[in-house]
Amino acid sequence: MGSFYAVTALSGIMTDYGHDLLFGTFITPTNRVPQHAVQLAQASEAAGLDLATFQDHPYQPAFLDTWTLLSYVAAKTTHIRLSGNVINLPLRGPAVLARAVASLDLLSGGRVELGLGAGGFWDPIVAMGGKRLTAGESVTALEEGIDIICGIWDADNTERLVVDGKHHKVVGAKRGPAPAHAVGIWLGALKPRMLRLIGRKADGWLPSMSYMKSLDEITESNARIDDAAATTGRDPSEIRRLVNINGRFAAETNPQLLMGPPAQWAEQLAVLTLEYGMSGFILAGDDPNAIAVYGQEVAPATRALVAAERGA
């Protein structure tokens with residue numbers, strides 16, 4: 001498939017990793033009306049969605065600080081899971097971030113995931129005191145960060161935590177606390193080296209559909225992740241595949257992806273699950289009406305289609 005067009009029937013070529021489906025929202029953390037992002041997260045929970053996420057650009061003065069927002073939203077909701085999408089590692093030290101994630105996971109009853117990114121907007125990162133890295137250096141730094149984060153969470157390990165990285169170091173940091181549940185580390189990535197890192201060390205892949213030229217990129221990226229996982233002895237099905245999506249609900253069907261009625265959305269998302277291996281669909285946008293339709297109509301219909309096909 002060379003472009004984003006509707007597929008309303010399965011081709012018979014299945015790449016389904018078998019994960020339970022997650023449906024969520026990608027909310028803009030604007031501070032112009034401070035409670036608006038909180039209300040959208042609450043609307044996501046009321047709509048029956050699984051996950052509310054927020055972009056993390058600490059250098060953006062028009063945004064609320066994402067970690068502060070996540071903590072506040074956790075206290076204002078009861079069961080929806082929460083994540084940055086994705087947390088900016090260059091401006092958030094991994095050892096302290098690990099403790100922040102574990103602490104919020106404990107306080108929220110196991111509702112936090114860790115979407116994590118290597119950084120990309122280097123001029124504002126440097127302006128905030130971060131260090132400018134090349135693309136390759138940023139991947140190395142991210143891998144070091146993952147090692148530190150996982151080491152901090154390994155609270156039962158009595159060995160000194162030492163990670164002597166080029167960009168991130170700990171030299172005997174005390175471990176703990178452990179999170180309340182096995183927090184997923186989901187990397188926002190499209191380039192080959194990042195995809196290989198996911199295969200080796202991460203729990204999930206979290207790209208944005210808007211940055212992809214075609215659905216073929218999903219297939220190609222999954223293959224890179226799977227190959228890297230296999231080389232390190234991991235089962236590729238351990239790695240969840242999520243995606244940030246954009247779309248518009250309309251009464252009439254449309255040949256484009258996610259540009260029609262809810263039933264069409266459900267058919268297309270089912271294909272993305274069963275043929276392309278995606279199992280988490282995070283809707284970008286701040287429209288409470290779209291959030292309600294997505295949670296109350298699209299999510300259950302997609303689950304039913306996928307369950308029926310898997311059962312068959």
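Trainee: Which residues have the most contacts inside the largest nonpolar core?

Mentor: In this predicted model, the largest nonpolar core has 76 residues, and those with the most contacts inside it are Leu114, Leu116, Trp153, Ile245 and Tyr294.

Trainee: And which helix gives the most to this core?

Mentor: That is helix α5, residues 135-153, which contributes seven residues. Trp153 touches, among others, Ala98, Val101, Ala102 and Leu114, as well as Pro177, Ala178 and Pro179, when residues up to four places away in sequence are not counted.

Trainee: What lies apart from that core?

Mentor: Another core lies apart from it, made of eight residues that include Leu22, Trp186, Leu206 and Ile282.

Trainee: Switching to α3, what span should its 15 residues have?

Mentor: At 1.5 Å a residue, helix α3 (residues 94-108) should span 21 Å, and because its end C-alpha atoms are 21 Å apart, the model agrees with that expectation. The buried residues of α3, including Leu97, Ala98, Val101, Ala102 and Asp105, pack against α2, β4, β5, α5 and β7. After α3 comes Gly109, whose phi is positive, near 75°.

Trainee: Okay, new topic: is Glu217 buried or exposed?

Mentor: Glu217, which sits in helix α7 (residues 216-231), is buried yet has no salt bridge.

Definitions and conventions: Residues numbered from 1 in each chain as written. Predicted model: local features only at pLDDT ≥ 70, side-chain atom pairs only at ≥ 80, totals over all residues. Heavy atoms only, no water. Core = buried A, V, L, I, M, F, W, Y, C linked by side-chain atoms within 4.5 Å. Buried < 20%, exposed > 50% of the residue type's maximum accessible area, 1.4 Å probe, protein only. Helix = DSSP H or I, 4+ residues; strand = E, 2+ residues; numbered from the N terminus. Contact = heavy atoms within 4.5 Å. Expected span 1.5 Å × (residues − 1). Lys, Arg positive; Asp, Glu negative; His and termini not counted. Salt bridge = Lys/Arg side-chain N within 4 Å of Asp/Glu carboxyl O.
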